[in-house]
Amino acid sequence: MSELIDISGLGKSYDGKRFVLKELSFRLGAGQTAVIYGESGCGKSTLLNIIGLLDSATEGEYLFCGRRVNRRRVNSYSGIRANDIGFVFQAYCLIEALSVRDNVLMPYLYNGQRLTKEVYSELDSLSERLGIASLLDKKAALLSGGEKQRAAIARAMIKKPALLIADEPTGNLDEGNSRLVTEAFRSVAEEGTALIVVTHNRGLKFGDCASYRLSEGRLHRCE
Ligand SMILES: Nc1ncnc2c1ncn2[C@@H]1O[C@H](COP(=O)(O)OP(=O)(O)O)[C@@H](O)[C@H]1O
Ligand SMILES: [Mg+2]
């Protein structure tokens, strides 16, 4: 099977001395889910930023969809970032003054792309599946944390990316909302999007997926 992500010998140092990630290997097939646990400060966000082409590795090899990522040219991958990778962060990062609808459509709106019938029908089906259909006209500022995160997931998914990356997506949520958000991720994963979720909460359950622990710069498979 061809891998969506194929990383080997990855190293990352911010200061050229201490390596946050070292000799790290990771593979993920199209449509698969991986959950990565790890203590605060162990390098989870660092790894996600590299996988999501927001930052570059110091060493190693990274193939995304079979294409070699040139770590000196990470800035040139904005097209892949915009179309093939969705991001969800702990802090939601919605535009509070805008409606939920405009927030979800933002990946199209911010660079002036046309809103076709297909986009609107994707908006309908996503907001239905994520349980935010009745919230589309509300201002984002008026939503609860769990609703905000589901709106953020819809925004990350509106372009049907091959990969959805989530960095501590339930970090600000209580247990009930964490469960709703976890279910939202599962429904997204069922549609064939690959998913990588990073969390320090071992209680989060994502069903059938590979789980890893990040420690001492490497990923260890958990059973
Ligand atoms: N931009 C940066 N510059 C320098 N050091 C950083 C930077 N980002 C993270 N670090 C350091 O790298 C280590 C891993 O951080 P991070 O990836 O944010 O961990 P986690 O997401 O697991 O909490 C920490 O020691 C942190 O201080
Ligand atoms: Mg982090």
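Asp137 counts as exposed, at 64% relative accessibility. In these exercises, buried stands for under 20% relative accessible area, exposed for over 50%, and partly exposed for values in between (1.4 Å probe, protein chains only). The model is predicted: local features need pLDDT of at least 70 and side-chain atom pairs count only at pLDDT 80 or more, while totals for chains, interfaces and linings use all residues. Residues are numbered from 1 along each chain as its sequence is written, chains are lettered from A and ligands numbered from 1 in the order in which they are written, and side-chain values use heavy atoms, with hydrogens and water left out.

## Exercise 1

Determine which parts of the structure the pair Arg101 and Asp137 ties together.

*Solution.* 

Step 1. A salt bridge requires a side-chain nitrogen of Lys or Arg within 4 Å of a carboxyl oxygen of Asp or Glu. The side chains of Arg101 and Asp137 form such a bridge, at 2.6 Å from N to O.

Step 2. Arg101 belongs to helix α3 (residues 100–109), whereas Asp137 is in the loop between α4 (117–129) and α5 (145–157), so the bridge ties together parts that are 36 residues apart in sequence. Helices (H or I, at least four residues) and strands (E, at least two) are DSSP runs, numbered from the N terminus.

Step 3. Arg101 has a relative accessible area of 26% and is therefore partly exposed.

## Exercise 2

How many salt bridges does the structure hold, and what separates Arg179 from Glu175 in helix α6?

*Solution.* 

Step 1. The structure holds ten salt bridges. One of them joins the side chains of Arg68 and Glu61 at 2.2 Å, N to O; Arg68 is exposed at 55% relative accessibility, and Glu61 is partly exposed at 32%.

Step 2. Arg179 and Glu175 also meet through their side chains in a salt bridge, at 3.8 Å from N to O. Because these two residues stand four residues apart in helix α6 (residues 175–190), about one helical turn separates them. Glu175 is exposed, at 65% relative accessibility.

Step 3. Elsewhere, salt bridges that share partners join Glu3, Asp6 and Arg27 into one network.

## Exercise 3

*Solution.* 

Step 1. The buried residues of α6 include Asn177, Val181, Phe185 and Val188.

Step 2. After α6 comes Gly192, whose phi is positive, near 105°.

## Exercise 4

Is Thr199 buried or exposed, and which residues does Thr199 touch?

*Solution.* 

Step 1. Thr199 is located in strand β8 (residues 194–199).

Step 2. The relative accessibility of Thr199 is 1%, so this residue counts as buried.

Step 3. With contact taken as heavy atoms within 4.5 Å, and residues up to four places away in sequence not counted, Thr199 touches Val35, Ile36, Tyr37, Gly38, Lys44, Glu168 and Leu204.
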